[in-house]
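Have the model open as you read.

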Amino acid sequence: MKPLLLLILRGYKLAISPMLGQNCRFYPSCSEYAMEAIREYGAAKGSLMAGKRLCKCHPWHPGGIDLVPPKSGEKMASDEDEKSANAPTSDCTQLGAQLSTQIRSQQVNFSDL
C-alpha cells in the first residue's frame, strides 16, 4: 500500500501540481509532507497526518513551516547530520537536509525577518 500511495503522490507532483502553480502556504508543500509522513510512519498513520495537514490548507490559516514530527525515541537531528555528511548526495539535497535540521533544532520566527 505504501509504494502505491507514494507512486500516486509522485504522479500528482509531476502531472497536476505544475499546472496549479506555487500556491502552497506551508513548507514543505502538502504533497512533500504527505510523502515524508508516509515514508516515516507508514500508509495508515502517514495518510492520516497528511489529511490533517490538508485540513489546515485554507485562506484563514497563516501557514508557515510544518515539518513531519520525528518518531519518538529516534535520534536527534545532530545524529542525522553525521549520517548525511557521509552519504553521497547532491548540493540541493544537503542544503535541504541542513535547513530541515536547523528548523527542527530551533524555533524560527519568520515574522522577525
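## A helix pair and its surroundings

Helix α1 passes α2 in a left-handed crossing. Keep in mind that this is a predicted model. The two helices, α1 (residues 2-20) and α2 (residues 30-41), pack with their axes 10 Å apart and at an angle of about 165 degrees. Angles over 145 degrees count as roughly antiparallel, so that's the label α1 and α2 get.

Who meets whom? On the α1 side it's Lys2, Leu5, Leu6, Leu9, Arg10, Tyr12 and Lys13, and they face Ser31, Glu32, Ala34, Met35, Ile38 and Arg39 of α2. Sorted by type, the residues of this contact come out as seven nonpolar, one polar and five charged.

Now for the nonpolar cores:

| Core | Residues |
|---|---|
| Largest, eight residues | Leu5, Leu6, Leu9, Ala34, Met35, Ile38, Ala43 and Ala50 |
| Another, five residues | among them Tyr33, Ala37, Tyr41 and Met49 |

Finally, where does His61 sit? His61 is in the loop between α3 and β2 (64-65). With 23% relative accessibility, His61 counts as partly exposed. Beyond its neighbours within four places in sequence, His61 is in contact with Arg25, Phe26 and Lys56. As for Arg25, its C-alpha atom is 8.5 Å from that of His61, though the two residues are 36 residues apart along the chain.

Definitions and conventions: Residues numbered from 1 in each chain as written. Predicted model: local features only at pLDDT ≥ 70, side-chain atom pairs only at ≥ 80, totals over all residues. Heavy atoms only, no water. Axes fitted to C-alpha atoms, helices over the stretch in contact; angles between N-to-C directions. Helix = DSSP H or I, 4+ residues; strand = E, 2+ residues; numbered from the N terminus. Parallel < 35°, antiparallel > 145°, perpendicular 65-115°, else oblique. Left-handed = near helix turned anticlockwise from the far one by under 90°. Contact = heavy atoms within 4.5 Å. Nonpolar A, V, L, I, M, F, W, Y, C, P; charged D, E, K, R; others polar. Core = buried A, V, L, I, M, F, W, Y, C linked by side-chain atoms within 4.5 Å. Buried < 20%, exposed > 50% of the residue type's maximum accessible area, 1.4 Å probe, protein only.
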